[in-house]
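My notes follow in the order in which I looked.

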Amino acid sequence: MNVFITSSPYLDGADRAILNPENHFLDNLRQALPPFPRALFIASDPERHDLTCSFGMDTTIAFSQAGIIFSSYAVLDGSNADQAAELVANSDFLILAGGHVPTQNAFFQEIGLREILEDFPGTVMGISAGSMNLADMVYVQPEEEGEGVDPDFERFAPGLGLTDVNILPHYQKVKDNMLDGLRLFEDITYADSEGHSFFALPDGSYFFQDEEQLLLFGEAYLLRNGELSQLTRSGDCLDMADLQ
């Protein structure tokens, strides 16, 4: 299985979805995907069929304009959740939408997606929340009002088990955010990093993982035990086996 763990695969600031070619992203996608892949878009919110279909169409167009043509595409959400195993089996390329991490995580658990993916031979690409839910144990960074101070909000949840990487997406946009009167990173996420490693990714940076290696492309930061350090810069490629 090939896994792309992205913050966002799209160009920031564009008026439509355009795949970002930086950090060899398109080259690596083309190499990982078969000609004319069968794509499946997996929802972040199972009840928002309109949103997932719109996302799927925009993404299909973006891939087509990048020279990657889907032979077919389908949507997996609450309307056809009972067909999840069949839809995955008939796909080469799974795209996990961005959105609200706990909502998507609950949907994945409900349909047993972790078990369905155990023998999936194709390529999986996560986007934002979709990337966060790829992890074996997901770090659920608070996002919505109330989550930062709610003692019952679960900060960690079982994920899809496709990687051990926990990312913090859109770092360039959210690093100075406030939530419930607290600094999202310094007051909330730094404390949560005790005993854990989180990778803060600006849009355009991503991890690529296959059966042999885990590579980090582009600018990234490591948050571990309450300390943040820069790992890489734009254009860099780091073999994570070399990270001590």
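How many bridges join strand 11 to strand 14, and do the two run parallel or antiparallel? I am working from a predicted model, and in it I find four bridges between strand 11 (residues 197-200) and strand 14, with the strands running antiparallel. Within this pairing I noted that Phe199 stands opposite Leu222 of strand 14.

I then looked at the other partner, strand 15 (residues 227-232), which pairs with strand 14 over five bridges, again in the antiparallel sense. Here Leu222 has Ser229 as its bridge partner. Strand 14 and strand 15 make a hairpin with two residues between them, and I wrote down that Asn225, in the turn, has a positive phi of about 50°. Four of the five residues of strand 14 are buried, so I describe this strand as largely enclosed by the rest of the structure.

The largest nonpolar core has 41 residues, and the members that touch the most others are Ile42, Leu94 and Phe207. Among the elements that give two or more residues to this core are strand 1 (2-6), strand 2 (38-42), strand 4 (93-96) and strand 14 (220-224), while helix 4 gives the most, with four residues. I also listed the contacts of Leu94 beyond its neighbours within four places in sequence, and these include Leu40, Ile42, Val88, Phe120 and Met125. Apart from this core lies another, of 27 residues, with Ala39, Ala62, Ile68 and Phe208 among them.

Why do I call Phe41 and Tyr73 an edge-to-face pair? Their ring centres are 5.7 Å apart and their planes stand at 80°, so the pair is edge-to-face, the planes being over 60 degrees apart. Because Phe41 lies in strand 2 and Tyr73 in strand 3 (residues 72-76), the pair ties together parts that are 32 residues apart in sequence. Phe41 is buried at a relative accessible area of 0%, whereas Tyr73, at 37%, counts as partly exposed. Both belong to one aromatic cluster, together with Phe55, Phe63, Phe70 and Phe93.

I checked a second pair, Tyr171 and Phe185, whose centres are 5.2 Å apart with planes at 75°, so this pair too is edge-to-face. Tyr171 belongs to helix 7 (residues 171-174) and Phe185 to helix 8 (residues 184-192), so the pair ties together parts 14 residues apart in sequence. Tyr171 counts as buried at 10% relative accessibility, and Phe185 is buried at 2%.

Conventions: Residues numbered from 1 in each chain as written. Predicted model: local features only at pLDDT ≥ 70, side-chain atom pairs only at ≥ 80, totals over all residues. Heavy atoms only, no water. Core = buried A, V, L, I, M, F, W, Y, C linked by side-chain atoms within 4.5 Å. Buried < 20%, exposed > 50% of the residue type's maximum accessible area, 1.4 Å probe, protein only. Contact = heavy atoms within 4.5 Å. Phe/Tyr/Trp six-rings, centres within 6.5 Å; stacked < 30°, edge-to-face > 60°. Pairing = 2+ DSSP bridges.
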